[in-house]
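Open the model in your viewer and keep the selection tool at hand.

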Amino acid sequence: MNRPLRLAAAALTAAAALLLTSCGSDDDTSKDDDKIAGADQGDGKKSTPPDEPAQDVAERPRIELPSDLTYEFEWNKTGDKKKDAVLADTEQYLKAVDLAIAEQKPLHKAYRFYSEGEAAAGSQKFVQEYVKYKDRITGTKRYFNARVDLTGGRTAGVVYCEDQRKAHNKSLKTGKTAKAAAPSKDDFVLYSSRLHVNDQGVWVTETTTSDRGNDTCQP
């Protein structure tokens, strides 16, 4: 339990990827686990014309996290329907990855619902690290300074900061929580993601890069 939460950005950067109003159920099956996160499954989805807005018809996975893990998303509504949808699905993706960690499922279908390609592969690797050490995340994760840029109505870029000072690793074996010795510049991480909207109206994260200790995110 001497590993700080900081392993997050390292794992995600290594794969050039990242780490949500939910309904439906989350019941991973062996059929789901046969698929490798990040691999091209060749689902043959049709593209919606650029000027035609996608309608949200998706049956979203239920995301129920441990009561000792909370979030502070300090980004306000932009007033732009698409930008707000991008931020909302980014929130769901972040929570879905933490759900996979809490349930110790590297191929959890919740985060794969909100990601694909490099992002899904990076998330799988990230979750596997927690499964290896039998840890999960506890505390509060704070996100702020978000900016969304839309391209052609169907793709988007998102940049935001994360404050990990109040988030820690918790051992599933001992129940003990590991905390950093002292606050650090590295408790703050800058993320940059690329997303696209699919035919179900879900903004799916394709790639994410991270920069731990970036001056932009410092208090």
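Select Y143 to begin: in this predicted model, Y143 is buried, with a relative accessible area of 0%.

W75 and Y143 form a tilted aromatic pair, with 6.4 Å centre to centre and 40° between the planes. The two come from distant parts of the chain: W75 sits in the loop between β1 and α3 (81-102), Y143 belongs to strand β2, and they are 68 residues apart. W75 is buried, as is Y143.

Next, count the ring pairs over the model: there are 9 aromatic pairs. One of them joins F73 to Y143, and this pair is stacked, at 5.2 Å centre to centre with 10° between the planes. F73 lies in strand β1 (residues 69-74) and Y143 in strand β2 (residues 135-151), so this pair ties together parts that are 70 residues apart in sequence.

Which residues do ring pairs link into a cluster? Select Y71, F73, W75, Y143, Y160 and Y191 to show them together.

Now move to R142 and F144. Here R142 lies over the face of F144, 4.1 Å from the ring centre.

Finally, zoom out and colour by secondary structure. The protein chain has 5 helices and 7 strands, and from the N terminus its elements run α-α-β-α-α-α-β-β-β-β-β-β. Switch to a surface view: the accessible surface of the protein chain comes to about 10900 Å², and 47% of that belongs to carbon and sulfur atoms. Of the 219 residues in the protein chain, 47% are buried.

Key. Residues numbered from 1 in each chain as written. Predicted model: local features only at pLDDT ≥ 70, side-chain atom pairs only at ≥ 80, totals over all residues. Heavy atoms only, no water. Phe/Tyr/Trp six-rings, centres within 6.5 Å; stacked < 30°, edge-to-face > 60°. Helix = DSSP H or I, 4+ residues; strand = E, 2+ residues; numbered from the N terminus. Buried < 20%, exposed > 50% of the residue type's maximum accessible area, 1.4 Å probe, protein only. Lys NZ or Arg CZ within 6 Å of the ring centre and 35° of its normal. Areas by Shrake-Rupley, 256 points an atom, 1.4 Å probe, with all protein chains shown as cover.
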